[in-house]
Amino acid sequence: MVEVPENLSIGQVAERTGLSVHALRFYEQEGLFPNGVRRGPGGRRVYRQEDVDWLTVCIVLRASGMPLTALRRYTELVREGAGTARERLALMREHEERVAARIGRLTESLDLIRYKVGVYEDLLDQGEAAVRQCHGPSASPAAPTPEPHREAAID
């Protein structure tokens, strides 16, 4: 069994979470620790494993696009206790909807990117002349010039 020290320094927490010392201080200033940050002798910050666990949740929520204001509100609700479960659920459902919508947009983008990768792979399989033909100006003077924004969407 791995022994976990009871008190962790800000440097140890930074190392465990991947957050910088500056970010940890910012999280503290923003009130993002439900139980606050304890101070040891000499005024140094002292963290516990539960703080690291909480920061891990915060990191995931921020990485998923949760705004700082929503994360701050979530922390306040956690601090207030079990009686706020309904409000926490509503906050998480709202965020879930935003993340799902974002995933949908990213999936559409990925589909287009994969299509374009296939187009370019096919062109390269046909040889350099096909690639030049795809990107070069039309050889026919009667051919219409595509609109710039459409060219970007096609290309």
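Me: How many residues does helix 5 have, and how far does it reach from its first C-alpha to its last?
Reply: This is a predicted model. Helix 5 covers residues 85-126, which is 42 residues. From first C-alpha to last it reaches 60 Å. That is close to the 62 Å expected at 1.5 Å a residue.

Me: Which residues of helix 5 are buried?
Reply: Arg-88, Leu-91, His-95, Lys-116 and Leu-123.

Me: And what comes just after helix 5?
Reply: Gly-127, with a positive phi of about 110°.

Me: Switching to the other end. At what angle do helix 1 and helix 2 pack?
Reply: About 100°, with the axes 9 Å apart. Angles of 65 to 115 degrees count as roughly perpendicular, so helix 1 is roughly perpendicular to helix 2. Helix 1 spans residues 10-17 and helix 2 spans residues 21-29.

Me: Which residues meet there?
Reply: Ile-10, Val-13 and Ala-14 come from helix 1. Helix 2 brings Val-21, Leu-24 and Arg-25. By type, that contact has five nonpolar residues, one charged and no polar.

Me: Now aromatics. How many pairs?
Reply: The count is three aromatic pairs. One of them is Phe-33 with Tyr-47. Their centres are 5.8 Å apart, with 45° between the planes, so the pair is tilted.

Me: Where do Phe-33 and Tyr-47 lie?
Reply: Phe-33 is in the loop between helix 2 and strand 1 (38-39). Tyr-47 is in the loop between strand 2 (45-46) and helix 3 (49-63). The pair therefore ties together parts 14 residues apart in sequence.

Me: Are those two buried or exposed?
Reply: Phe-33 and Tyr-47 are both buried.

Methods: Residues numbered from 1 in each chain as written. Predicted model: local features only at pLDDT ≥ 70, side-chain atom pairs only at ≥ 80, totals over all residues. Heavy atoms only, no water. Axes fitted to C-alpha atoms, helices over the stretch in contact; angles between N-to-C directions. Helix = DSSP H or I, 4+ residues; strand = E, 2+ residues; numbered from the N terminus. Parallel < 35°, antiparallel > 145°, perpendicular 65-115°, else oblique. Contact = heavy atoms within 4.5 Å. Nonpolar A, V, L, I, M, F, W, Y, C, P; charged D, E, K, R; others polar. Expected span 1.5 Å × (residues − 1). Buried < 20%, exposed > 50% of the residue type's maximum accessible area, 1.4 Å probe, protein only. Phe/Tyr/Trp six-rings, centres within 6.5 Å; stacked < 30°, edge-to-face > 60°.
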